[in-house]
Amino acid sequence: MKMRCLPALIVSLLVLAGCQKPADKAQPGATAEEKDYDIKGKVTAVASDKTSVTLDHEEIPGLMKAMEMKYPVSDPKVLDGIATGDNVSGRLRAKGTNYTITKLEKR
Ligand SMILES: [Cu+2]
């Protein structure tokens, strides 16, 4: 019995070690930590299905410089009352390098 269990134990230890590897590395940007940022800018496009918005945004300190960029929204309701040309402020959620707009309102 002992001899039979040993290989199984080794296999499960290897599997366990393999699973933990990504977390141990802790590369910047690879971790799934969520962080919210304020975002300000101008709407240059709203997707017709309301799943994304393109913003010509100001610098987001600690995250990115000013640029025009398309972002998915967390919910189509975020884009209620928002149209191309609006000056807006809102919240951006960053999870690693995935960005989502969670809130948007006219300024
Ligand atoms: Cu950007």
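This is a predicted model: local features need pLDDT of at least 70, side-chain atom pairs count only at pLDDT 80 or more; totals for chains, interfaces and linings use all residues.

Visitor: Which residue has a positive phi although it is not a glycine?

Guide: K50, at about 55 degrees. K50 lies in the loop between β1 and β2.

Visitor: Why is K50 called partly exposed?

Guide: Its relative accessibility is 29%. Buried needs under 20%, and exposed needs over 50%. The K50 value falls in between, so the label is partly exposed.

Visitor: Why is L79 called buried?

Guide: L79 has 0% relative accessibility. The limit is under 20%, so L79 counts as buried. L79 lies in the loop between β3 and β4. Not counting residues up to four places away in sequence, L79 touches V46, K50, S52, V53, V73 and L104. The C-alpha atoms of L79 and T51 are separated by 8.5 Å, with the two residues 28 apart along the chain.

Visitor: What makes up the largest nonpolar core?

Guide: That core has 19 residues. V53, L55, Y71, L92, I101 and L104 have the most contacts inside it. β1, β2, β3, β4 and β5 each supply at least two of the core residues.

Visitor: Which residues is I101 in contact with, leaving aside neighbours within four places in sequence?

Guide: The partners are I39, V53, L55, Y71, P72, V73, S74, V78, R91 and L92.

Visitor: Now the metal. Which residues are the protein donors of the copper ion?

Guide: H57 (NE2), M64 (SD), M69 (SD) and Y71 (OH).

Visitor: How do you know that they are donors of the copper ion?

Guide: Set the distances against the cut-off. A donor is an N, O or S atom within 2.8 Å of the metal. These atoms lie 2.1 to 2.5 Å from the copper ion, so they qualify. In sequence the donor residues are spaced H-x6-M-x4-M-x1-Y. Y71 is also among the core residues with the most contacts.

Visitor: Why is the arrangement around the copper ion called irregular?

Guide: The 4 donor atoms subtend angles of 71 to 137 degrees. Tetrahedral requires all angles between 85 and 135 degrees.

Visitor: Are H57 and M64 buried or exposed?

Guide: H57 has a relative accessible area of 2%. M64 has 10%. The limit for buried is under 20%, so H57 is buried, and M64 is buried.

Visitor: How many helices and strands does the protein chain have?

Guide: The chain has 1 helix and 5 strands. From the N terminus on, they run α-β-β-β-β-β. Buried residues make up 25% of the 107 residues.

Key. Residues are numbered from 1 along each chain as its sequence is written. Side-chain values use heavy atoms; hydrogens and water are left out. Donors are N, O and S atoms within 2.8 Å of the metal (3.2 Å for Na, K and Ca); water is not among the atoms, so sites may look incomplete. Four donors count as tetrahedral if all angles lie between 85 and 135 degrees; four count as square planar and six as octahedral if opposite donors are over 155 degrees apart and all others between 65 and 115; anything else is irregular. Buried means under 20% relative accessible area, exposed over 50%, partly exposed in between (1.4 Å probe, protein chains only). A nonpolar core is a set of buried Ala, Val, Leu, Ile, Met, Phe, Trp, Tyr and Cys residues joined through side-chain atoms within 4.5 Å. Helices (H or I, at least four residues) and strands (E, at least two) are DSSP runs, numbered from the N terminus. Contact means heavy atoms within 4.5 Å.
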